[in-house]
Amino acid sequence: PVDWYPWGEEALTRAREEDRPILLSVGYSACHWCHVMAHESFENDAIAAVMNELFVNIKVDREERPDLDTVYMEAVQAMTGRGGWPMTVFLTPQGEPFYGGTYFPPTARHGLPAFADILRGVASAYHDRPDEVAKVAAQLKERLGAGLQLRPPTDDALSPAILTTAVGWLAEEFDRAYGGFGDAPKFPQGMTLDFLLRQYARTGAANALQMAELTLQRMATGGMYDQLGGGFHRYSVDRFWLVPHFEKMLYDNALLAPVYLHAYQLTGKDFYRRVVEETLDWVIRDMTAPTGGFYATLDADSEGEEGKFYVWTPDELVQLLGADDARLVGAYYDVTRQGNFEGSNILHVAHSLETIAASAKADAVQVHDALERARPILLDARSRRIWPGRDEKVLTAWNGLMLRAFAEAAAALDRPDYHAAAIAAADFLLTTLRRDGLLLRTYKDGQAKLNAYLEDYAVLADGLLALYTATLDPRWLAEARALAETMVQQFWDADAGVFYDTGRDHETLVSRPRSFTDNAIPAGSSVAVEVLQRLAVFDDRDDYAAIADRTLRTLREVMTRHPGAFGRLLSAADFALATPQEVVLAGNLDVPEMREMRHVFAARFRPTTVIAHRPTGGDDAQLPPLLQGREPRGGVPTAYVCEHYACQFPVTTPAALAAQLGDREP
């Protein structure tokens with residue numbers, strides 16, 4: 001019954017012409033309390049009538065419009081000291097916030113006023129006390145966009161101490177019993193974990209690897225991880241990674257799959273490989289659109305209950321598996337009569353296979369075989385339950401993250417299906433979500449729309465660079481170059497020395513947002529830095545290197561003090577402080593010797609190495625500096641391992657390439 005508008009000129013014009021305040025509701029598909037407020041208030045005829053009478057009502061999906069979410073969340077946090085979703089903000093017809101909060105109940109409870117009372121009070125204040133409202137709006141507008149108080153960068157060069165200090169800060173926050181950082185709730189901080197793996201790869205720091213491994217193992221054996229279907233839920237409500245908030249977000253899985261892959265490349269432990277493959281197999285099975293793009297979210301709720309789709313009882317196991325297998329499987333996944341979640345059981349691995357076998361008076365092979373028989377049976381039975389809702393919009397940045405995950409895993413694990421998924425996604429994004437050379441943010445039901453943001457350009461370019469690394473198809477490198485050039489033109493402000501979240505062609509808001517910290521996905525500016533660093537190596541672009549360096553030096557102090565919020569930027573600092581290694585493969589890509597050399601490169605975690613392909617023949621003058629003079633020797637595939645374009649003696653065997661790369665068995 002609410003007369004909702006999308007954000008746009010029609011709604012803003014109506015508010016100005018009728019001198020009505022705006023009620024802006026910001027949420028997202030998988031947001032539990034958004035659904036609660038919608039059901040309690042927005043579907044209530046009496047409350048909707050008050051909204052329609054007193055306000056111009058605008059509903060926004062924060063995942064489609066992160067700029068609006070950033071600007072108005074900053075205002076709500078300034079007014080209330082906290083934030084969250086649903087976000088409820090009251091604006092002047094000019095879009096200036098003057099009052100707000102998050103969830104409001106339909107009747108007064110728990111210290112919160114009734115929503116209808118809020119509506120009448122806000123409308124009364126707007127019309128009867130305009131000077132007071134204008135004063136509050138002016139004060140908030142002045143605060144908006146201040147964000148981090150950044151000092152101008154000094155001329156001091158970056159120091160490795162930044163990275164070691166950040167590891168020390170993380171160690172102080174680390175939960176040494178259960179992994180992760182801090183206490184409940186615990187989020188899967190993929191960017192931070194990947195930074196720790198990079199530090200181990202760079203320095204051999206054992207504590208960095210230990211923190212990453214304990215966290216990765218605890219998450220993947222807990223209820224945070226879908227033990228049957230693969231993939232991670234949003235976060236754990238407890239310290240132990242047992243009870244999750246059950247929504248499954250594309251971005252969490254796109255960020256975690258590469259971390260587990262990198263752990264596998266560093267340690268050789270098959271456990272990590274299994275998690276990667278189960279997660280990406282789930283994405284192909286349940287989250288991939290026929291177009292090749294990836295859907296955004298699976299909700300937490302089904303049939304009105306959170307987690308109902310995922311939980312089990314002992315009787316269900318017996319009915320499906322028989323008593324003998326149910327006993328072993330139930331022991332392994334800790335399925336009990338009392339349950340661990342509202343009388344039912346979230347599957348998790350409480351003990352090792354060997355421990356379960358000993359307690360069940362069986363051997364490990366019997367338990368393993370029972371699990372192998374059970375998984376497809378349970379997964380099939382679960383698939384016949386009522387599913388959680390799926391948000392089938394395709395978001396460019398989130399797809400860019402998953403594109404990178406598939407590209408890296410395709411090369412490292414030799415999975416042609418992952419290779420195909422990555423190429424299909426890249427084709428879809430570049431054809432459907434690009435118009436007149438500019439990216440669009442979102443696609444659903446045949447319609448692509450909304451200006452893309454910095455994170456869309458940066459993350460998609462990053463994914464394309466990963467796809468080039470995996471395929472050595474020059475198309476993907478060319479597309480990444482084009483996106484990076486547009487990204488710099490649209491979002492980089494040389495005077496301020498920062499990237500903005502919105503482009504020069506974007507609509508004017510009350511504040512132009514700029515975000516530097518990682519949130520659910522990495523900060524667009526951090527990904528932009530690493531994209532420019534890599535392209536600077538490919539193409540000898542001093543201008544790109546200078547932008548990356550200035551951003552790093554501007555944010556040096558704050559990322560050192562708050563490493564948990566700057567995992568991706570710390571990884572970019574790691575790249576800047578390394579001596580990047582360049583590998584050029586020259587010759588026919590399709591011959592067995594070349595395929596073996598490509599496998600040598602892909603098998604290890606090489607975060608500060610770039611690889612490029614020099615085809616046979618061609619004019620050096622038409623090639624980027626990295627490829628000039630790097631030709632096959634003796635008509636056979638040849639590898640050049642270089643630093644600053646100065647190369648070691650060219651080699652023609654996989655073993656010689658591995659030796660020059662310094663590879664050791666994990």
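Student: What classes do the residues lining the second largest pocket divide into?
Tutor: The lining of the second largest pocket has nine nonpolar, seven polar and nine charged residues. Keep in mind that this is a predicted model.

Student: What's the volume of that second largest pocket?
Tutor: About 700 Å³. The lining is made up of 25 residues, and those closest to the centre of the pocket are Ala-201, Phe-605, Leu-661, Gly-662 and Arg-664.

Student: Which element gives the largest share of the lining of that pocket?
Tutor: That would be α8, with four residues. Both α8 and α10 supply at least two residues each to the lining of the second largest pocket.

Student: OK, switching to cavities. How many of 30 Å³ or more does the structure hold?
Tutor: Five. The largest cavity has about 420 Å³ of space in it. It is lined by 25 residues, with Glu-408, Thr-469, Arg-534, Phe-601 and Arg-606 closest to its centre.

Student: Which elements give two or more residues to the lining of the largest cavity?
Tutor: There's a list: α8 (190–203), α10 (250–267), α16 (396–413), α18 (454–471), α20 (524–539), α24 (592–602) and β20 (609–614).

Student: And how many nonpolar, polar and charged residues are in the lining of the largest cavity?
Tutor: By class, you get 13 nonpolar, four polar and eight charged residues there.

Student: What about the second largest cavity, what volume does it have?
Tutor: The second largest cavity comes to about 190 Å³. There are 16 residues in its lining, and Asp-194, Leu-255, Pro-258, Arg-404 and Arg-568 lie nearest its centre. The elements giving two or more residues to that lining are α8, α10, α16 and α23 (567–577).

Student: Which of the elements has the largest share of the lining there?
Tutor: In the second largest cavity the largest share comes from α10, with five residues. The lining as a whole has seven nonpolar, three polar and six charged residues.

Student: Which strand pairs with β20 over six bridges?
Tutor: Strand β19 (residues 581–586), in the parallel sense.

Student: Where is Leu-627 found?
Tutor: Leu-627 is in the loop between β20 and β21 (638–643).

Student: Why does Leu-627 count as buried?
Tutor: Because its relative accessibility is 7%, and buried means under 20%. Beyond its neighbours within four places in sequence, Leu-627 is in contact with Val-584, Ala-612, His-613, Arg-614 and Asp-620.

Student: Last topic: how do β2 and β3 run, and how many bridges join them?
Tutor: Strand β2 (residues 22–27) and β3 run parallel, joined by six bridges. Val-26 has Val-60 in β3 as its bridge partner. Strand β1 (residues 4–5) also runs parallel to β3 (residues 56–61), with two bridges joining them. There, Trp-4 stands opposite Asn-57 in β3.

Key. Residues are numbered from 1 along each chain as its sequence is written. This is a predicted model: local features need pLDDT of at least 70, side-chain atom pairs count only at pLDDT 80 or more; totals for chains, interfaces and linings use all residues. Side-chain values use heavy atoms; hydrogens and water are left out. On a 1 Å grid over the protein atoms alone, a cavity is a set of points where a 1.4 Å probe fits but cannot get out, and a pocket is an open set with protein on both sides within 12 Å along at least five of seven lines; lining residues have an atom within 4 Å of a point. Grid points are joined across faces, edges and corners, and a volume is the space filled by probe spheres set on the points. Ala, Val, Leu, Ile, Met, Phe, Trp, Tyr, Cys and Pro count as nonpolar, Asp, Glu, Lys and Arg as charged, and the others, Gly among them, as polar. Two strands pair if DSSP finds at least two bridges between them. Buried means under 20% relative accessible area, exposed over 50%, partly exposed in between (1.4 Å probe, protein chains only). Contact means heavy atoms within 4.5 Å.
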